[in-house]
There are 2 protein chains.
Amino acid sequence: MELIRIYRCFCDETRLRILNLLAATPLCVCHFQGVLREPQVKISKHLAYLKSKGLVEARRHRNWMIYGLPAKRGAELESNLKCLQDCVQTHPVFKRDLRELAAMRSKLGWLEEVCPPRSRRKPCRA
Amino acid sequence: MELIRIYRCFCDETRLRILNLLAATPLCVCHFQGVLREPQVKISKHLAYLKSKGLVEARRHRNWMIYGLPAKRGAELESNLKCLQDCVQTHPVFKRDLRELAAMRSKLGWLEEVCPPRSRRKPCRA
DNA sequence: TTTCTATATACCTATATTGACATATTCCAA
DNA sequence: TTGGAATATGTCAATATAGGTATATAGAAA
C-alpha cells in the first residue's frame, strides 16, 4: 500500500529533515552534508532509501547527484508532504535546517543549476 | 520526536485500519476482531503498541477493554489523523472496514456503552 | 470455588532498519 | 591516464518490528 511506503519513509528523523529541505528546492548530496551535518554515507543511504520508495527522484549533473521531490506525486504523497510541512513549521531542528540552507544558497548563489561548475565556486562541503 | 512516534505507528496496515475505525468511535478488542478478521493476539499487540506510543487510550469496562483516540491530542497527531482520513477515503479496505463496523453497530445496537452487558447480547465476536 | 470470556504477555523466529567502516564507482580535470 | 571530488555500495553488528504459538491474567457468572 502506497500509504505504508510513505509512512515508512517518514519515520526517520534524517529522512524528515531531507524531505523538509527538498520541499524548498532540489539539492545535491553535498548540500545535505553541509546543512544536516551528518556523515556522507548516512545521507546517501537515506536518499537511496527514499528513492527506492519513490519519495524522491535523482538526476546526475556532472559530478553531482541532484535529488528532488518527484515531478508528479500521487494525492497521498502530496497530502502527507503538506501535512508534514505544517507540522514542522514550529520545530527548531527543521527551522534551523531551512535557515542553514538559505545561508548556503546566498553564499553560493546558485539558481536552477543547483551545483554550479567547479570553476566558479568552492566545493559545497566547504 | 513526537512526529516520528506518530509515523512509526502509521507504518503498519493493521494499525492504520485500527486508527481508521477509532476515528469513528471507541471500540473494544472484540469489535476489531470482528471487523478486521485478524487473530486476537495480533490486534492486541498492535493496540498495545499504539497505546505505548500515546496514539490510543484504553479503559476497562467490565470484561472489555475500550480503546479510543486520546481525549486531548497534540496538533501533530490531530493533523496527521485528519490527513490519514483524507487519504483513506478511497481505499477499498478501509471503506469495507467502516461498512463492517456500521453493520456490527446496527446489529448489536450499542451506544456509549460500547460493549453492552452480556445478558443483553451475543458475544461481540459472534 | 470453578469456569468462561475477553484480553494481555512470554517466547521464538524471521525480517527490516540503522549506523559505522571500508571500499567501489563515476565523472571531471590536469 | 592519473588523481581527486562526489557519491554509492558491501559488510557487519545492534536493535526494532511483526507474526505465530502457548500461556497468563482479570472480571463475571455459575
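## Contacts to DNA strand C

A phosphate oxygen of DNA strand C lies 2.9 Å from a polar backbone atom of B:Cys30, in what is a predicted model.

In total, 26 residues surround DNA strand C, and the closest of them are A:Lys45, A:His46, B:Gln40, B:Ser44 and B:Tyr67. Of the atoms of DNA strand C that come within 4 Å of the protein, sugar and phosphate make up 68%. At least two residues of the surface near this strand come from each of H4 of chain A and H3, H4 and E3 of chain B, and H4(A) gives the most, with five residues. By residue class, the surface near DNA strand C divides into eleven nonpolar, five polar and ten charged residues.

## Contacts to DNA strand D

DNA strand D is likewise surrounded by 26 residues, with A:Gln40, A:Val41, A:Ser44, A:Tyr67 and B:Lys45 the closest. Sugar and phosphate account for 58% of the atoms of DNA strand D that come within 4 Å of the protein. The residues of the surface near DNA strand D comprise eleven nonpolar, five polar and ten charged.

A phosphate oxygen of DNA strand D is 3.3 Å from a polar backbone atom of A:Val29, and a phosphate oxygen is 3.1 Å from an N or O atom in the side chain of B:Tyr49. A base nitrogen of DNA strand D, in turn, is 3.4 Å from an N or O atom in the side chain of B:Asn63. The elements that give two or more residues to the surface near this strand are helix H3 (29-36), helix H4 (40-52) and strand E3 (64-68) of chain A, together with H4 of chain B; the largest share, five residues, comes from H4(B).

## Helix H4 of chain B

Helix H4 of chain B covers residues 40-52, and its 13 residues should span 18 Å at 1.5 Å a residue, which agrees with the 18 Å that separates its end C-alpha atoms. Within H4(B), the residues B:Ile43, B:His46, B:Leu47 and B:Leu50 are buried. Because these residues cover an arc of only 100° around the axis, they are on the same side of H4(B). An α-helix has 3.6 residues a turn, so residues three or four places apart point the same way.

On the other side of H4(B), B:Lys45 and B:Ser52 are exposed; B:Lys45 is also among the residues closest to DNA strand D. The cover over the buried residues of H4(B) includes helix H1 (2-10), helix H2 (13-22), helix H3 (29-36) and strand E3 (64-68) of chain B. After H4(B) comes B:Gly54, whose phi is positive, near 80°.

## A buried histidine in a loop of chain B

B:His91 lies in the loop between helix H5 (75-88) and helix H6 (92-108) of chain B. The relative accessibility of B:His91 is 14%, and B:His91 therefore counts as buried, the cut-off being under 20%. Apart from its neighbours within four places in sequence, B:His91 is in contact with A:Met1 and A:Glu76.

Key: Residues are numbered from 1 along each chain as its sequence is written. Chains are lettered from A and ligands numbered from 1 in the order in which they are written. This is a predicted model: local features need pLDDT of at least 70, side-chain atom pairs count only at pLDDT 80 or more; totals for chains, interfaces and linings use all residues. Side-chain values use heavy atoms; hydrogens and water are left out. Helices (H or I, at least four residues) and strands (E, at least two) are DSSP runs, numbered from the N terminus. The expected span of a helix is 1.5 Å times one less than its number of residues. Buried means under 20% relative accessible area, exposed over 50%, partly exposed in between (1.4 Å probe, protein chains only). The arc is that of the directions from the helix axis to the C-beta atoms. Contact means heavy atoms within 4.5 Å. A residue is near a molecule or strand if one of its heavy atoms lies within 4 Å of it. A polar contact is a pair of N or O atoms within 3.5 Å; within protein, one must be able to donate a hydrogen and the other to accept it, and residues adjacent in sequence count only if both atoms are side-chain atoms. Ala, Val, Leu, Ile, Met, Phe, Trp, Tyr, Cys and Pro count as nonpolar, Asp, Glu, Lys and Arg as charged, and the others, Gly among them, as polar.
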